[in-house]
Amino acid sequence: MFSRLNTVSFQGVDVITIDVQVKISSGLPKFPIVGLPDKAVDESRERVRSAFHSMGLSLPYQRITVNLAPADVQKEGSHYDLPIALGLLAAMNAIPSDAIADFIVLGELSLDGRIAPISGVLPAAIHAASLGKGIICPKICGGEAAWAGDINILAADTLLSLLNHFKGSQVLSPPEAVMEDEVAQTLLDLRDVKGQETGKRALEIAASGGHNLLMLGPPGSGKSMLAARLPGILPPLTPAEALEVTMIQSLAGRLNDGKLIRTRPFRDPHHSASMPALVGGGLKAQPGEISLAHHGVLFLDELPEFARATLEALRQPLESGKTTVARANAHVTYPSRIQLVAAMNPCRCGYISDASRACSRAPKCAIDYQAKISGPLFDRIDLHVDVPEVSAADLIRVSTGESSVEVAKRVKKARMNQQIRYEALETPFCLNAHIDGELLEKVALPDDAGQKILKEAAEKFKLSARGYRRVLRVARTLADMGDSLSISGEHIAEALSYRRLHFST
Ligand SMILES: Nc1ncnc2c1ncn2[C@@H]1O[C@H](COP(=O)(O)OP(=O)(O)OP(=O)(O)O)[C@@H](O)[C@H]1O
Ligand SMILES: [Mg+2]
(Lines give C-alpha, C1' and ligand atoms only; values in the text may rest on other atoms or scores of the structure.)
(Ligands and ions follow the chains in the order given, each with its own letter.)
Protein backbone atom coordinates (compact mmCIF):
# COMPACT_ATOMS: atom_id res chain seq x y z
CA MET A 1 0.00 0.00 0.00
CA PHE A 2 1.84 2.97 -1.36
CA SER A 3 0.87 6.46 -2.45
CA ARG A 4 2.60 9.62 -3.61
CA LEU A 5 1.62 13.23 -4.11
CA ASN A 6 3.27 16.63 -4.36
CA THR A 7 3.76 19.52 -2.01
CA VAL A 8 6.33 22.34 -2.00
CA SER A 9 9.26 23.74 -0.07
CA PHE A 10 10.08 27.46 -0.06
CA GLN A 11 13.63 28.70 -0.64
CA GLY A 12 13.18 32.44 -0.46
CA VAL A 13 10.73 33.25 -3.26
CA ASP A 14 11.76 30.11 -5.13
CA VAL A 15 9.47 27.13 -4.82
CA ILE A 16 10.70 23.52 -5.03
CA THR A 17 8.40 20.56 -5.67
CA ILE A 18 8.52 17.99 -2.87
CA ASP A 19 7.42 14.42 -3.43
CA VAL A 20 5.52 13.01 -0.45
CA GLN A 21 5.66 9.21 -0.44
CA VAL A 22 3.61 7.21 2.06
CA LYS A 23 4.01 3.48 2.51
CA ILE A 24 2.03 1.20 4.82
CA SER A 25 3.84 -2.07 5.40
CA SER A 26 3.68 -4.93 7.83
CA GLY A 27 5.72 -4.54 10.97
CA LEU A 28 5.53 -2.98 14.38
CA PRO A 29 3.18 0.07 14.47
CA LYS A 30 5.49 3.02 13.92
CA PHE A 31 5.11 6.31 12.02
CA PRO A 32 8.54 7.68 11.05
CA ILE A 33 8.88 10.77 8.79
CA VAL A 34 12.17 10.87 6.89
CA GLY A 35 13.73 13.35 4.43
CA LEU A 36 15.25 16.09 6.63
CA PRO A 37 12.07 17.21 8.47
CA ASP A 38 12.42 20.01 11.00
CA LYS A 39 10.68 19.88 14.37
CA ALA A 40 7.36 21.25 13.04
CA VAL A 41 7.27 18.65 10.24
CA ASP A 42 8.24 15.86 12.61
CA GLU A 43 5.40 16.81 14.94
CA SER A 44 2.88 16.63 12.11
CA ARG A 45 2.31 12.89 12.81
CA GLU A 46 0.56 13.82 16.07
CA ARG A 47 -1.69 16.34 14.31
CA VAL A 48 -2.47 13.82 11.55
CA ARG A 49 -3.23 11.11 14.08
CA SER A 50 -5.57 13.39 16.01
CA ALA A 51 -7.25 14.76 12.84
CA PHE A 52 -7.95 11.17 11.71
CA HIS A 53 -9.37 10.40 15.14
CA SER A 54 -11.73 13.38 14.89
CA MET A 55 -13.14 11.84 11.67
CA GLY A 56 -13.66 8.52 13.39
CA LEU A 57 -10.65 6.94 11.64
CA SER A 58 -7.69 5.34 13.33
CA LEU A 59 -4.25 4.91 11.84
CA PRO A 60 -3.52 1.38 10.51
CA TYR A 61 -1.92 -0.81 13.18
CA GLN A 62 1.10 -1.24 10.92
CA ARG A 63 4.34 0.50 10.01
CA ILE A 64 3.70 3.83 8.21
CA THR A 65 6.74 5.39 6.55
CA VAL A 66 6.59 8.90 5.13
CA ASN A 67 9.43 10.03 2.87
CA LEU A 68 9.80 13.64 1.79
CA ALA A 69 11.97 13.71 -1.35
CA PRO A 70 14.45 15.08 -2.37
CA ALA A 71 15.97 13.95 0.90
CA ASP A 72 18.73 16.57 0.97
CA VAL A 73 16.40 19.62 1.09
CA GLN A 74 15.52 20.78 4.61
CA LYS A 75 11.72 20.63 5.10
CA GLU A 76 10.48 23.50 7.25
CA GLY A 77 7.02 24.64 8.31
CA SER A 78 3.65 23.22 9.17
CA HIS A 79 2.19 22.94 5.66
CA TYR A 80 3.27 19.29 5.33
CA ASP A 81 0.40 18.06 7.58
CA LEU A 82 -2.24 18.02 4.84
CA PRO A 83 -0.13 16.27 2.15
CA ILE A 84 0.92 13.61 4.68
CA ALA A 85 -2.73 13.10 5.75
CA LEU A 86 -3.99 12.86 2.15
CA GLY A 87 -1.11 10.54 1.21
CA LEU A 88 -2.03 8.31 4.12
CA LEU A 89 -5.73 8.31 3.15
CA ALA A 90 -4.72 7.31 -0.40
CA ALA A 91 -2.40 4.55 0.89
CA MET A 92 -5.34 3.29 3.00
CA ASN A 93 -7.50 3.36 -0.17
CA ALA A 94 -9.89 5.82 1.51
CA ILE A 95 -9.46 8.16 -1.47
CA PRO A 96 -8.34 7.28 -5.02
CA SER A 97 -4.60 7.89 -5.59
CA ASP A 98 -5.08 9.34 -9.05
CA ALA A 99 -7.50 11.98 -7.66
CA ILE A 100 -4.68 13.73 -5.78
CA ALA A 101 -1.92 13.14 -8.34
CA ASP A 102 -2.66 16.35 -10.24
CA PHE A 103 -2.46 18.65 -7.23
CA ILE A 104 0.11 20.46 -5.15
CA VAL A 105 -1.12 20.01 -1.56
CA LEU A 106 -0.38 22.21 1.42
CA GLY A 107 -2.08 23.00 4.72
CA GLU A 108 -1.75 22.69 8.48
CA LEU A 109 -4.07 20.43 10.46
CA SER A 110 -5.64 21.21 13.80
CA LEU A 111 -6.26 18.41 16.25
CA ASP A 112 -10.00 18.54 15.45
CA GLY A 113 -9.41 18.03 11.70
CA ARG A 114 -9.74 21.66 10.67
CA ILE A 115 -7.33 22.95 8.03
CA ALA A 116 -5.52 25.99 9.39
CA PRO A 117 -4.13 28.82 7.21
CA ILE A 118 -0.48 28.76 6.22
CA SER A 119 1.92 31.12 4.51
CA GLY A 120 3.10 30.94 0.89
CA VAL A 121 -0.10 29.73 -0.86
CA LEU A 122 0.20 32.29 -3.69
CA PRO A 123 3.78 31.33 -4.72
CA ALA A 124 2.83 27.66 -4.36
CA ALA A 125 -0.22 28.18 -6.61
CA ILE A 126 1.87 30.01 -9.24
CA HIS A 127 4.32 27.10 -9.11
CA ALA A 128 1.44 24.62 -9.49
CA ALA A 129 0.16 26.56 -12.51
CA SER A 130 3.62 26.37 -14.12
CA LEU A 131 3.51 22.58 -13.70
CA GLY A 132 -0.03 22.37 -15.07
CA LYS A 133 -1.34 21.12 -11.73
CA GLY A 134 -4.07 22.28 -9.37
CA ILE A 135 -3.74 23.14 -5.68
CA ILE A 136 -5.33 21.86 -2.48
CA CYS A 137 -5.07 24.45 0.30
CA PRO A 138 -6.84 25.85 3.37
CA LYS A 139 -10.17 27.51 2.61
CA ILE A 140 -9.10 30.88 3.95
CA CYS A 141 -6.11 30.91 1.54
CA GLY A 142 -8.23 30.01 -1.51
CA GLY A 143 -8.63 33.65 -2.60
CA GLU A 144 -4.84 33.97 -2.77
CA ALA A 145 -4.48 30.83 -4.90
CA ALA A 146 -7.11 32.15 -7.31
CA TRP A 147 -4.67 34.90 -8.39
CA ALA A 148 -2.38 32.26 -9.92
CA GLY A 149 -4.63 32.01 -12.97
CA ASP A 150 -6.88 29.37 -14.37
CA ILE A 151 -6.04 26.40 -12.13
CA ASN A 152 -8.08 23.81 -10.31
CA ILE A 153 -8.35 24.90 -6.64
CA LEU A 154 -9.72 22.80 -3.82
CA ALA A 155 -9.90 25.08 -0.79
CA ALA A 156 -11.30 23.18 2.18
CA ASP A 157 -11.81 24.07 5.82
CA THR A 158 -11.74 20.50 7.18
CA LEU A 159 -10.08 17.23 6.27
CA LEU A 160 -13.53 15.61 6.31
CA SER A 161 -14.86 17.97 3.62
CA LEU A 162 -11.91 17.02 1.40
CA LEU A 163 -12.58 13.32 2.01
CA ASN A 164 -16.25 13.84 1.12
CA HIS A 165 -15.27 15.79 -1.99
CA PHE A 166 -13.15 12.89 -3.25
CA LYS A 167 -15.91 10.42 -2.39
CA GLY A 168 -18.33 12.58 -4.39
CA SER A 169 -20.72 13.31 -1.53
CA GLN A 170 -19.80 17.01 -1.29
CA VAL A 171 -18.62 19.53 -3.86
CA LEU A 172 -16.13 22.22 -2.86
CA SER A 173 -16.92 25.46 -4.64
CA PRO A 174 -13.98 27.26 -6.29
CA PRO A 175 -12.79 30.36 -4.39
CA GLU A 176 -12.94 33.85 -5.85
CA ALA A 177 -9.92 36.09 -6.37
CA VAL A 178 -10.44 39.12 -4.14
CA MET A 179 -8.69 42.47 -4.06
CA GLU A 180 -7.92 44.78 -1.18
CA ASP A 181 -10.27 47.77 -0.98
CA GLU A 182 -9.16 50.75 -3.08
CA VAL A 183 -7.80 52.70 -0.15
CA ALA A 184 -7.06 50.15 2.52
CA GLN A 185 -5.06 52.60 4.57
CA THR A 186 -5.86 56.26 5.04
CA LEU A 187 -3.03 58.05 3.32
CA LEU A 188 -1.67 61.14 5.05
CA ASP A 189 -1.89 64.44 3.20
CA LEU A 190 1.09 66.63 2.29
CA ARG A 191 -1.06 69.68 3.03
CA ASP A 192 -0.59 69.03 6.79
CA VAL A 193 3.10 69.95 6.52
CA LYS A 194 3.59 73.69 6.95
CA GLY A 195 6.56 75.43 5.34
CA GLN A 196 9.38 72.99 4.40
CA GLU A 197 9.10 73.81 0.70
CA THR A 198 12.54 72.31 -0.05
CA GLY A 199 11.60 69.11 1.79
CA LYS A 200 8.34 68.83 -0.15
CA ARG A 201 10.09 69.49 -3.46
CA ALA A 202 12.70 66.79 -2.64
CA LEU A 203 9.87 64.38 -1.76
CA GLU A 204 8.23 65.02 -5.13
CA ILE A 205 11.53 64.48 -6.98
CA ALA A 206 12.11 61.27 -5.01
CA ALA A 207 8.63 60.02 -5.89
CA SER A 208 8.98 61.00 -9.56
CA GLY A 209 12.32 59.28 -10.21
CA GLY A 210 12.27 56.57 -7.50
CA HIS A 211 15.32 58.16 -5.83
CA ASN A 212 16.53 57.40 -2.33
CA LEU A 213 16.19 60.38 0.00
CA LEU A 214 17.95 61.49 3.17
CA MET A 215 16.49 64.25 5.33
CA LEU A 216 18.68 65.95 7.86
CA GLY A 217 17.40 68.43 10.41
CA PRO A 218 16.81 69.34 14.06
CA PRO A 219 14.20 67.54 16.20
CA GLY A 220 10.56 68.34 15.51
CA SER A 221 11.11 69.94 12.11
CA GLY A 222 8.78 67.52 10.32
CA LYS A 223 11.14 64.88 8.84
CA SER A 224 9.07 61.89 9.96
CA MET A 225 5.93 63.78 8.92
CA LEU A 226 7.25 64.28 5.38
CA ALA A 227 8.41 60.67 4.98
CA ALA A 228 5.04 59.30 6.08
CA ARG A 229 3.42 61.30 3.26
CA LEU A 230 5.49 59.73 0.47
CA PRO A 231 3.14 56.76 -0.18
CA GLY A 232 0.32 59.28 -0.73
CA ILE A 233 2.05 60.78 -3.77
CA LEU A 234 3.35 57.54 -5.30
CA PRO A 235 1.38 55.95 -8.16
CA PRO A 236 -0.66 52.82 -7.36
CA LEU A 237 0.94 49.41 -7.93
CA THR A 238 0.76 47.99 -11.45
CA PRO A 239 -0.90 44.54 -11.65
CA ALA A 240 2.52 42.81 -12.00
CA GLU A 241 3.91 44.72 -9.01
CA ALA A 242 0.78 43.95 -6.97
CA LEU A 243 1.28 40.23 -7.59
CA GLU A 244 4.96 40.38 -6.53
CA VAL A 245 4.14 42.37 -3.37
CA THR A 246 1.31 39.96 -2.50
CA MET A 247 3.64 36.99 -3.03
CA ILE A 248 6.16 38.31 -0.50
CA GLN A 249 3.44 39.13 2.02
CA SER A 250 2.08 35.62 1.47
CA LEU A 251 5.50 34.09 2.19
CA ALA A 252 5.76 36.19 5.34
CA GLY A 253 2.28 35.01 6.41
CA ARG A 254 0.96 38.57 6.49
CA LEU A 255 -1.72 38.42 3.84
CA ASN A 256 -5.09 39.75 4.88
CA ASP A 257 -7.75 37.11 3.99
CA GLY A 258 -5.88 36.24 0.79
CA LYS A 259 -6.66 39.61 -0.80
CA LEU A 260 -4.42 41.02 -3.51
CA ILE A 261 -2.50 44.02 -2.16
CA ARG A 262 -3.03 47.28 -4.02
CA THR A 263 -1.32 49.86 -1.82
CA ARG A 264 2.40 50.46 -2.03
CA PRO A 265 4.19 49.06 1.01
CA PHE A 266 5.56 51.53 3.56
CA ARG A 267 7.75 49.92 6.19
CA ASP A 268 9.31 51.86 9.06
CA PRO A 269 11.28 49.45 11.23
CA HIS A 270 12.51 50.66 14.62
CA HIS A 271 16.23 51.37 14.87
CA SER A 272 16.71 48.47 17.25
CA ALA A 273 15.89 46.07 14.36
CA SER A 274 18.38 43.23 13.97
CA MET A 275 20.09 42.33 10.72
CA PRO A 276 17.82 39.32 9.96
CA ALA A 277 14.77 41.48 10.73
CA LEU A 278 15.94 44.08 8.24
CA VAL A 279 17.46 42.04 5.41
CA GLY A 280 15.80 38.66 5.97
CA GLY A 281 16.98 35.18 6.84
CA GLY A 282 17.33 34.00 10.42
CA LEU A 283 16.56 30.59 11.84
CA LYS A 284 13.38 30.18 9.84
CA ALA A 285 14.15 32.11 6.66
CA GLN A 286 11.68 34.96 6.36
CA PRO A 287 11.68 38.04 4.14
CA GLY A 288 13.11 41.03 6.02
CA GLU A 289 11.77 44.58 6.16
CA ILE A 290 13.66 45.46 2.97
CA SER A 291 11.76 42.75 1.07
CA LEU A 292 8.44 43.54 2.74
CA ALA A 293 8.99 47.05 1.34
CA HIS A 294 9.52 45.68 -2.21
CA HIS A 295 8.06 48.14 -4.77
CA GLY A 296 7.43 50.54 -1.90
CA VAL A 297 9.17 52.67 0.71
CA LEU A 298 11.57 51.63 3.46
CA PHE A 299 11.76 54.45 5.97
CA LEU A 300 14.70 54.41 8.37
CA ASP A 301 14.02 57.07 10.97
CA GLU A 302 16.94 58.14 13.18
CA LEU A 303 19.40 56.53 10.74
CA PRO A 304 22.61 56.74 12.84
CA GLU A 305 20.87 54.88 15.69
CA PHE A 306 20.71 51.68 13.59
CA ALA A 307 23.53 49.21 14.21
CA ARG A 308 26.36 49.88 11.79
CA ALA A 309 26.54 46.30 10.49
CA THR A 310 22.78 46.34 9.88
CA LEU A 311 23.03 49.47 7.75
CA GLU A 312 25.99 48.16 5.79
CA ALA A 313 23.97 45.04 4.97
CA LEU A 314 21.59 47.30 3.02
CA ARG A 315 24.26 48.37 0.55
CA GLN A 316 24.10 45.35 -1.74
CA PRO A 317 20.27 45.08 -1.86
CA LEU A 318 19.99 48.82 -2.56
CA GLU A 319 22.17 48.39 -5.61
CA SER A 320 20.89 45.09 -6.98
CA GLY A 321 17.22 45.19 -5.97
CA LYS A 322 17.43 41.75 -4.37
CA THR A 323 18.70 40.29 -1.12
CA THR A 324 20.60 37.03 -0.94
CA VAL A 325 20.86 35.48 2.49
CA ALA A 326 23.31 32.65 3.06
CA ARG A 327 21.95 29.94 5.32
CA ALA A 328 23.76 26.90 6.69
CA ASN A 329 22.70 24.71 3.76
CA ALA A 330 21.36 27.04 1.07
CA HIS A 331 21.23 30.57 -0.30
CA VAL A 332 17.82 32.19 -0.39
CA THR A 333 16.97 35.25 -2.46
CA TYR A 334 14.18 37.76 -1.92
CA PRO A 335 13.35 40.69 -4.20
CA SER A 336 13.91 44.09 -2.59
CA ARG A 337 13.52 46.87 -5.14
CA ILE A 338 12.84 49.65 -2.65
CA GLN A 339 12.95 53.36 -2.30
CA LEU A 340 14.93 54.24 0.81
CA VAL A 341 13.91 57.27 2.82
CA ALA A 342 16.07 58.09 5.80
CA ALA A 343 15.87 60.81 8.43
CA MET A 344 18.45 61.93 10.94
CA ASN A 345 19.38 64.72 13.28
CA PRO A 346 22.67 66.45 12.44
CA CYS A 347 24.13 65.52 15.83
CA ARG A 348 23.06 63.65 18.97
CA CYS A 349 21.43 66.69 20.63
CA GLY A 350 20.10 67.84 17.25
CA TYR A 351 20.82 71.54 17.59
CA ILE A 352 24.23 71.93 15.96
CA SER A 353 22.92 74.69 13.67
CA ASP A 354 21.67 76.73 16.64
CA ALA A 355 24.63 78.03 18.66
CA SER A 356 22.41 78.96 21.61
CA ARG A 357 21.14 75.41 22.02
CA ALA A 358 24.04 73.28 20.74
CA CYS A 359 25.79 71.11 23.30
CA SER A 360 29.30 71.80 24.56
CA ARG A 361 30.80 69.10 22.30
CA ALA A 362 29.81 70.87 19.08
CA PRO A 363 31.03 70.57 16.37
CA LYS A 364 32.84 67.31 17.20
CA CYS A 365 29.61 65.61 18.28
CA ALA A 366 28.12 66.22 14.82
CA ILE A 367 31.17 64.84 13.04
CA ASP A 368 31.10 61.72 15.25
CA TYR A 369 27.35 61.27 14.86
CA GLN A 370 27.33 61.59 11.08
CA ALA A 371 30.41 59.40 10.75
CA LYS A 372 28.23 56.50 11.94
CA ILE A 373 26.88 56.38 8.39
CA SER A 374 29.48 55.12 5.97
CA GLY A 375 30.41 57.01 2.80
CA PRO A 376 29.22 54.20 0.48
CA LEU A 377 25.77 54.24 2.10
CA PHE A 378 25.53 58.04 1.78
CA ASP A 379 26.60 57.58 -1.84
CA ARG A 380 23.64 55.34 -2.56
CA ILE A 381 21.24 58.11 -1.59
CA ASP A 382 20.62 60.42 -4.56
CA LEU A 383 18.88 63.22 -2.68
CA HIS A 384 20.22 64.81 0.49
CA VAL A 385 18.02 67.55 1.84
CA ASP A 386 18.18 69.90 4.78
CA VAL A 387 14.94 70.17 6.77
CA PRO A 388 15.40 73.24 9.02
CA GLU A 389 13.24 74.14 11.96
CA VAL A 390 9.84 75.58 11.00
CA SER A 391 9.34 79.15 12.08
CA ALA A 392 6.52 80.08 14.41
CA ALA A 393 5.12 82.32 11.65
CA ASP A 394 4.86 79.31 9.33
CA LEU A 395 3.20 77.18 11.99
CA ILE A 396 0.59 79.79 12.86
CA ARG A 397 -0.34 80.39 9.23
CA VAL A 398 -3.29 78.39 7.90
CA SER A 399 -1.93 75.76 5.52
CA THR A 400 -2.32 76.73 1.87
CA GLY A 401 0.07 74.13 0.49
CA GLU A 402 -0.77 71.63 -2.23
CA SER A 403 -2.59 68.45 -1.36
CA SER A 404 -1.07 65.03 -2.02
CA VAL A 405 -3.59 64.43 -4.83
CA GLU A 406 -2.27 67.40 -6.83
CA VAL A 407 1.37 66.39 -6.33
CA ALA A 408 0.55 62.77 -7.20
CA LYS A 409 -0.78 63.91 -10.59
CA ARG A 410 2.56 65.52 -11.43
CA VAL A 411 4.47 62.48 -10.18
CA LYS A 412 2.36 60.30 -12.46
CA LYS A 413 3.16 62.50 -15.44
CA ALA A 414 6.92 62.48 -14.71
CA ARG A 415 6.83 58.68 -14.40
CA MET A 416 4.93 58.44 -17.68
CA ASN A 417 7.71 60.45 -19.41
CA GLN A 418 10.25 57.95 -18.09
CA GLN A 419 8.16 54.96 -19.10
CA ILE A 420 7.83 56.21 -22.68
CA ARG A 421 11.58 56.83 -22.96
CA TYR A 422 12.72 53.54 -21.41
CA GLU A 423 10.19 51.50 -23.38
CA ALA A 424 11.57 53.04 -26.57
CA LEU A 425 15.05 52.01 -25.40
CA GLU A 426 13.78 48.49 -24.66
CA THR A 427 14.44 48.77 -20.91
CA PRO A 428 10.89 48.88 -19.54
CA PHE A 429 10.04 49.03 -15.81
CA CYS A 430 12.95 51.44 -15.32
CA LEU A 431 12.98 54.61 -13.27
CA ASN A 432 15.72 57.24 -13.43
CA ALA A 433 17.04 56.10 -10.04
CA HIS A 434 17.80 52.63 -11.45
CA ILE A 435 19.80 53.62 -14.53
CA ASP A 436 23.56 53.64 -14.70
CA GLY A 437 26.47 53.13 -17.06
CA GLU A 438 25.98 53.63 -20.78
CA LEU A 439 22.23 54.11 -20.53
CA LEU A 440 22.67 56.98 -18.08
CA GLU A 441 25.19 58.68 -20.35
CA LYS A 442 22.82 58.25 -23.26
CA VAL A 443 19.68 59.67 -21.63
CA ALA A 444 21.20 62.23 -19.26
CA LEU A 445 23.61 64.21 -21.40
CA PRO A 446 23.30 67.87 -20.31
CA ASP A 447 23.26 70.72 -22.83
CA ASP A 448 26.30 73.04 -23.11
CA ALA A 449 25.31 75.27 -20.17
CA GLY A 450 24.59 72.19 -18.05
CA GLN A 451 27.92 70.63 -18.91
CA LYS A 452 29.76 73.80 -17.97
CA ILE A 453 28.09 74.02 -14.55
CA LEU A 454 28.62 70.33 -13.93
CA LYS A 455 32.32 70.53 -14.82
CA GLU A 456 32.89 73.51 -12.53
CA ALA A 457 30.97 71.89 -9.68
CA ALA A 458 32.79 68.58 -10.07
CA GLU A 459 36.10 70.39 -9.68
CA LYS A 460 35.00 72.68 -6.88
CA PHE A 461 33.20 70.08 -4.75
CA LYS A 462 35.52 67.21 -5.75
CA LEU A 463 32.58 65.05 -6.81
CA SER A 464 33.31 61.32 -6.85
CA ALA A 465 32.40 59.32 -9.96
CA ARG A 466 29.34 58.04 -8.12
CA GLY A 467 28.43 61.54 -6.95
CA TYR A 468 28.70 62.80 -10.52
CA ARG A 469 26.32 60.13 -11.79
CA ARG A 470 23.95 60.86 -8.94
CA VAL A 471 23.68 64.49 -10.05
CA LEU A 472 22.96 63.35 -13.63
CA ARG A 473 20.20 60.98 -12.49
CA VAL A 474 18.47 63.63 -10.39
CA ALA A 475 18.85 66.18 -13.22
CA ARG A 476 17.18 63.69 -15.60
CA THR A 477 14.23 63.42 -13.20
CA LEU A 478 14.00 67.21 -12.91
CA ALA A 479 13.89 67.46 -16.71
CA ASP A 480 11.17 64.76 -16.83
CA MET A 481 9.16 66.67 -14.23
CA GLY A 482 9.35 69.73 -16.48
CA ASP A 483 8.51 67.73 -19.66
CA SER A 484 11.93 68.67 -21.02
CA LEU A 485 13.83 66.35 -23.32
CA SER A 486 17.19 68.03 -22.72
CA ILE A 487 18.94 68.63 -19.40
CA SER A 488 19.62 72.31 -18.89
CA GLY A 489 21.92 74.26 -16.62
CA GLU A 490 18.99 74.89 -14.27
CA HIS A 491 18.34 71.19 -13.87
CA ILE A 492 22.01 70.54 -13.11
CA ALA A 493 22.15 73.43 -10.64
CA GLU A 494 19.10 72.18 -8.75
CA ALA A 495 20.41 68.59 -8.77
CA LEU A 496 23.70 69.85 -7.32
CA SER A 497 21.82 71.47 -4.45
CA TYR A 498 20.75 67.99 -3.27
CA ARG A 499 24.31 66.77 -2.95
CA ARG A 500 25.83 65.39 0.21
CA LEU A 501 25.10 67.38 3.35
CA HIS A 502 27.83 65.75 5.38
CA PHE A 503 28.69 68.10 8.22
CA SER A 504 32.36 67.48 7.66
CA THR A 505 32.30 68.36 3.95
N1 LIG B 1 6.39 71.55 9.13
C2 LIG B 1 5.48 71.18 10.04
N3 LIG B 1 4.19 71.47 9.86
C4 LIG B 1 3.26 71.13 10.75
N5 LIG B 1 3.53 70.44 11.89
C6 LIG B 1 4.80 70.13 12.14
C7 LIG B 1 5.84 70.47 11.22
N8 LIG B 1 7.00 70.01 11.72
C9 LIG B 1 6.71 69.40 12.88
N10 LIG B 1 5.39 69.47 13.15
C11 LIG B 1 4.73 68.91 14.31
O12 LIG B 1 5.73 68.36 15.15
C13 LIG B 1 5.55 66.98 15.32
C14 LIG B 1 6.89 66.27 15.22
O15 LIG B 1 7.34 66.26 13.89
P16 LIG B 1 8.21 65.10 13.32
O17 LIG B 1 8.03 63.88 14.14
O18 LIG B 1 7.96 64.97 11.88
O19 LIG B 1 9.65 65.70 13.58
P20 LIG B 1 11.05 65.08 13.24
O21 LIG B 1 11.76 66.06 12.39
O22 LIG B 1 10.89 63.71 12.72
O23 LIG B 1 11.73 65.06 14.67
P24 LIG B 1 12.80 64.03 15.30
O25 LIG B 1 14.13 64.42 14.76
O26 LIG B 1 12.71 64.32 16.77
O27 LIG B 1 12.37 62.67 14.93
C28 LIG B 1 4.59 66.54 14.25
O29 LIG B 1 3.77 65.50 14.68
C30 LIG B 1 3.77 67.80 13.99
O31 LIG B 1 2.70 67.84 14.88
MG1 LIG C 1 11.36 61.83 13.47
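E46 is partly exposed, with a relative accessible area of 44%. By partly exposed I mean between two limits, with buried being under 20% relative accessible area and exposed over 50%, for a 1.4 Å probe and protein chains only.

Before going on, the background. This is a predicted model, where local features need pLDDT of at least 70 and side-chain atom pairs count only at pLDDT 80 or more, while totals for chains, interfaces and linings use all residues. Residues are numbered from 1 along each chain as its sequence is written, chains are lettered from A and ligands numbered from 1 in the order in which they are written, and side-chain values use heavy atoms, with hydrogens and water left out.

Back to E46. Its side chain forms a salt bridge with that of R49, at 3.6 Å from N to O; the term means a side-chain nitrogen of Lys or Arg within 4 Å of a carboxyl oxygen of Asp or Glu. R49 is partly exposed too, at 38%. Both residues sit in helix α2, residues 44-54, and are 3 residues apart, about one turn of the helix. Helices here are DSSP runs of H or I, at least four residues, numbered from the N terminus.

Next, R47 and D81. Their side chains meet in a salt bridge at 2.5 Å, N to O. This pair links distant parts of the chain, with R47 in helix α2 and D81 in helix α3, residues 81-91, 34 residues apart. R47 and D81 are both buried.

R45 pairs with D42 in a salt bridge, 2.6 Å from N to O. R45 is buried at 18%, whereas D42 is partly exposed at 30%.

Finally, the whole structure. The search finds 28 salt bridges. E319, D379, R380, R466 and R470 are joined in a network of them.

Note on methods:
Helices (H or I, at least four residues) and strands (E, at least two) are DSSP runs, numbered from the N terminus.
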